[in-house]
Amino acid sequence: MSLNGRYSIGILLTFVLLAASMLYSIPLINLFFKSKILTGEIFFYNRLSLWLVLLLILIYNFFIENRSFFVWEDRKYPPTFYFGAVIILYLICAFGGAFLNGIIMLLTKEKLSDKILQISFLFKNNYFLIIFTCLTAGVIEELLMRAYIQPRIEKIYNSPALGIIISAILFGILHSTYGTVGQVVVPFFIGIVFALFYKKYSNIKILIICHFMFDLISLMIMNFVDLKNLTLLNL
């Protein structure tokens, strides 16, 4: 099989495993623990399953692709660039996401989904779960959606635009499990912003830090304020 063929299978495998983890891991974990409710412990294992997905893709990359996980070598920048890039990316995502959510809420009268409201109660003063959830989202999603999928799509089709757009679409679709239009549109927007940055600057560490910070601030807001008007969360 050609390298592009192995890349295609790897992309499909990554998306299927991530989707399966988000859709089915909680019911399976509930079944294992003989529980009918979502608890902090079960949600922790749900996030842990995403690390298993990363491990499986690393194994596929090592044994099947037989190439470096990073198609694009990470570039090094001075600390001031890291700081400035994280702040700018965060502001773009936060204000852009808020603007898009405002439009969606105006057009659809959409509120937070029951699933997000249910999950929000798990984070109340559970700072370990908050940090672990944010770390998981930042590391797993950036390594798989940006570092793994985006450059491989570009290689297959010889098109940077398709790498950016398709990776962002997949990123948005994966967040559809939260049950609202905003939870697809905002992650798609963030996916575009992050993919453009990764294409230009080729530094996944900055994206991991920014993703972590974005989710951490969102979850801390969830922890302290009424959630009825909060729709920025990107888990």
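L56 is found in helix 2; helices here are DSSP runs of H or I with at least four residues, numbered from the N terminus. The model is predicted, so local features need pLDDT of at least 70 and side-chain atom pairs count only at pLDDT 80 or more, while totals for chains, interfaces and linings use all residues. Residues are numbered from 1 along each chain as its sequence is written, and side-chain values use heavy atoms, with hydrogens and water left out. L56 has a relative accessible area of 36% and is therefore partly exposed; buried means under 20%, exposed over 50%, and partly exposed in between, with a 1.4 Å probe and protein chains only. Between L56 and R146 there are 90 residues in sequence and 17 Å in space, taken from C-alpha to C-alpha.

N46 also lies in helix 2. Its relative accessibility is 2%, so N46 counts as buried. Leaving aside residues up to four places away in sequence, N46 touches S21, S25, I26 and I29, where contact means heavy atoms within 4.5 Å. With S25 there is a polar contact between the two side chains, at 2.5 Å. A polar contact is a pair of N or O atoms within 3.5 Å; within protein, one must be able to donate a hydrogen and the other to accept it, and residues adjacent in sequence count only if both atoms are side-chain atoms.

## Aromatic rings

The structure holds 16 aromatic pairs. Rings of Phe, Tyr and Trp (its six-membered ring) pair if their centres lie within 6.5 Å; planes under 30 degrees apart count as stacked, over 60 as edge-to-face, and the rest as tilted. F43 and F123 form one of these pairs: their ring centres are 5.6 Å apart and their planes stand at 85°, so the arrangement is edge-to-face. This pair links distant parts of the chain, with F43 in helix 2 (residues 40-65) and F123 in the loop between helix 4 and helix 5, 80 residues apart. Both F43 and F123 are buried.

The rings of F44 and Y45 are also edge-to-face, because their centres are 5.5 Å apart and their planes are at 65°. Y45 is partly exposed, with a relative accessible area of 30%. Ring pairs join F32, F33, F44, Y45, F128 and F132 into a cluster.

## Charges over rings

R152 lies over the face of F69, at 5.9 Å from the ring centre, and K200 lies over the face of Y201, at 5.5 Å from the ring centre. A charge sits over a ring if NZ of Lys or CZ of Arg is within 6 Å of the ring centre and within 35 degrees of the ring normal.

## Salt bridges

Side chains of opposite charge can pair when their charged atoms come close. A salt bridge is a side-chain nitrogen of Lys or Arg within 4 Å of a carboxyl oxygen of Asp or Glu, and by this rule the count comes to 4. In one of them, D74 pairs with K205, the closest N and O atoms being 3.0 Å apart. That pair links distant parts of the chain: D74 is in the loop between helix 2 and helix 3, and K205 is in helix 8, 131 residues apart. K205 counts as partly exposed, at 43% relative accessibility.

E142 forms a salt bridge with R146, with 2.8 Å between the closest N and O atoms. The two are 4 residues apart in helix 5, so about one helical turn separates E142 from R146. E142 is buried at 0% relative accessibility, and R146 is buried with a relative accessible area of 0%. The side chains of K199 and E154 meet in a salt bridge as well, at 2.8 Å from N to O. K199 lies in helix 7 and E154 in helix 5, so this pair ties together parts that are 45 residues apart in sequence. K199 counts as partly exposed at 32%, whereas E154 is buried at 13%.

## Helix 8

At the start of helix 8, a side-chain oxygen of N203 reaches to within 3.1 Å of the backbone nitrogen of K205. The buried residues of helix 8 include I204, L207, H211, F214 and M222. Among the elements that cover the buried residues of helix 8 are helix 3 (79-108), helix 5 (127-157) and helix 7 (182-201).
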